Amino acid sequence: MSVVGLIVEYNPLHNGHVHHYTRAKEISGADYSVAILSGPFLQRGEPGIISKFARTEMALAMGVDLVIELPASYAVQPAEWFAYGGAALLHATGVVDSLCFGTESGTLDLLLPLSRILAEESPELQEQISFHLSAGMNYPAAYSRAAAAVMGFPGEESELLHVLQKPNHTLGLHYLIALNRLNSSIRPFTIPRIHAGYHDEMPAHSAVASATAVRRMLLTQDLNAAAPYLPESTLSILSREFDEGRGPVTWESFRGTLMHLLLTSSPQYLESLHEVTEGLEHRLKRLIYSLKEPHVDELLQALKTKRYTHTKLQRMLAHILLRHTKEEMSPSMLSQGPGYLRVLGFSSAGQKLLKQMKKTATLPVIVKPSSIEHPQLELDLRTSAAYANAFPRPEVRDIFRDYLEGPIRLFH
């Protein structure tokens with residue numbers, strides 16, 4: 001039995017994801033697939049346009065056999081911890097033997113040797129990162145420069161920097177670093193992205209567009225505009241979710257709650273929250289009074305500087321909204337890894353994987369959240385409830401769905 005792992009967000013699942021899933025099974029030779037899916041809030045700090053349950057259904061409809069939730073503790077994090085959380089969960093299943101991710105180049109020739117060096121977290125790497133941060137670089141740029149310096153190949157530095165400044169290369173590198181740190185036997189594979197860049201806001205192909213472009217079409221036009229870029233199953237699920245008042249969800253869905261927290265919280269309290277660093281609590285309190293309109297997007301634009309990327313600031317606002325403390329998200333806590341395997345959905349083949357995991361998994365496999373108590377799980381449940389409360393037409397059943405309903409079962 002061969003099983004390929006995917007670490008995904010599916011926000012929403014589109015034709016490019018179908019290509020990735022199909023090629024992942026082909027090049028790995030896998031019989032089954034397991035997807036680690038981000039929950040309500042995603043790696044770049046934005047909320048999912050629809051719920052984790054709807055995105056789970058999309059994954060199962062495409063053919064994924066088992067969907068496991070990436071805890072919020074890892075889902076809303078820089079690449080290092082996002083990748084570590086996802087890889088650790090795949091490793092903990094005891095059934096996944098390969099991991100396939102997309103990159104701009106479609107090759108691991110440079111990333112594999114680099115990952116082995118960077119997995120050691122040498123003092124030199126940390127010193128280089130600190131040096132470039134002190135020079136005013138944002139963290140992704142500082143990490144890229146530091147990694148290039150640590151590799152010690154001056155003739156290849158420009159090529160290395162070019163590679164590391166691509167978002168999928170960066171994430172892929174951290175998947176490889178995570179597998180090294182876990183001493184995992186999971187084999188890595190990569191395939192090249194096709195027809196669309198990670199941040200492309202407009203489609204350049206008749207059938208494939210980035211998730212960013214798809215969301216833009218959904219929010220500024222309608223489902224029909226996005227239809228050519230989506231599988232029929234995704235289109236049907238989106239239509240149902242929108243019709244029933246469970247989407248679309250955007251940052252502005254949380255505007256009132258976020259502004260209330262910012263207006264009523266002291267700088268000292270804000271400073272205690274994750275990713276509120278380097279005096280950003282004071283910048284927040286100062287700028288909120290200068291906004292023309294109390295909109296999240298306007299606040300993000302006001303906060304942005306060369307030092308702070310839009311993604312860093314979005315993640316900071318997500319942690320403020322969800323009241324994630326620095327203590328809860330400290331490196332010492334995150335380095336312990338996820339504490340459980342929370343099942344969101346499965347197919348008939350996925351049911352077989354679950355039976356096998358009862359023998360092989362090194363973490364508790366959770367079908368009902370009430371079955372265990374864990375600080376990360378408590379954060380997940382709070383996050384899901386807060387997310388559903390921001391639906392266009394929220395219902396109590398949606399807010400407490402984690403407690404009221406089990407995993408989605410989609411048997412083909």
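Helix H10 (residues 211–220) is mostly covered, with seven of its 10 residues buried; buried denotes under 20% relative accessible area, exposed over 50%, and partly exposed the range in between (1.4 Å probe, protein chains only). Helices (H or I, at least four residues) and strands (E, at least two) are DSSP runs numbered from the N terminus. The model is predicted, and local features require pLDDT of at least 70, side-chain atom pairs count only at pLDDT 80 or more, and totals for chains, interfaces and linings use all residues. Residues are numbered from 1 along each chain as its sequence is written, and side-chain values use heavy atoms, with hydrogens and water left out.

The buried residues of H10 are Ala211, Thr212, Ala213, Val214, Arg215, Met217 and Leu218. Their cover includes helix H11 (223–226) and helix H12 (232–243), where contact means heavy atoms within 4.5 Å.

A further helical arrangement involves H13 and H17. The axes of helix H13 (residues 255–264) and helix H17 (residues 310–322) come within 9 Å and cross at roughly 80°. H13 is therefore roughly perpendicular to H17. Axes here are lines fitted to C-alpha atoms, for helices over the stretch in contact, and angles run from 0 to 180 degrees between N-to-C directions; angles under 35 degrees count as roughly parallel, over 145 as roughly antiparallel, 65 to 115 as roughly perpendicular and the rest as oblique. On the H13 side the contact is made by Thr257, Leu258, Leu261 and Leu262, and on the H17 side by Leu317, Ile320 and Leu321. Both H13 and H17 also pack against the buried residues of H15, as do H14 and helix H16 (296–303). Within H15, the residues Leu280, Glu281, Leu284, Lys285 and Leu287 are buried.

Salt bridges were assigned where a side-chain nitrogen of Lys or Arg lies within 4 Å of a carboxyl oxygen of Asp or Glu. By this rule the count comes to 18 salt bridges. Glu57 pairs with Arg240, the closest N and O atoms being 2.8 Å apart. This pair links distant parts of the chain, since Glu57 belongs to helix H2 (residues 52–62) and Arg240 to helix H12, 183 residues apart. Glu57 is partly exposed, with a relative accessible area of 21%, and Arg240 likewise counts as partly exposed at 29% relative accessibility. Arg240 also forms a salt bridge with Glu241, for which the closest N and O atoms are 2.9 Å apart. Glu241 is buried, with a relative accessible area of 3%. Through shared partners, salt bridges join Glu57, Arg240, Glu241, Glu244 and Arg246 into one network.

Another salt bridge is formed by Asp97 and Arg187, with the closest N and O atoms 3.9 Å apart. Asp97 lies in the loop between helix H4 (79–93) and strand S4 (98–103) and Arg187 in strand S5, so the pair ties together parts that are 90 residues apart in sequence. Asp97 counts as partly exposed at 22% relative accessibility, and Arg187 counts as partly exposed at 37%.

A cis peptide bond joins Asn11 and Pro12, with omega about -5°; Pro12 is placed in the loop between strand S1 (3–8) and helix H1 (15–28). A cis peptide bond also joins Gly247 and Pro248, with omega about 0°, and Pro248 is found in the loop between H12 and H13. Positive phi values in residues other than glycine occur at Asn183, near 55°, and at Glu278, near 50°. Asn183 is located in the loop between helix H9 (167–181) and strand S5 (187–192) and counts as exposed at 69% relative accessibility. Glu278 occupies the loop between helix H14 (267–271) and helix H15 (280–287) and is exposed, with a relative accessible area of 53%.

Tyr403 lies in helix H22 (residues 401–404) and counts as exposed at 52% relative accessibility.
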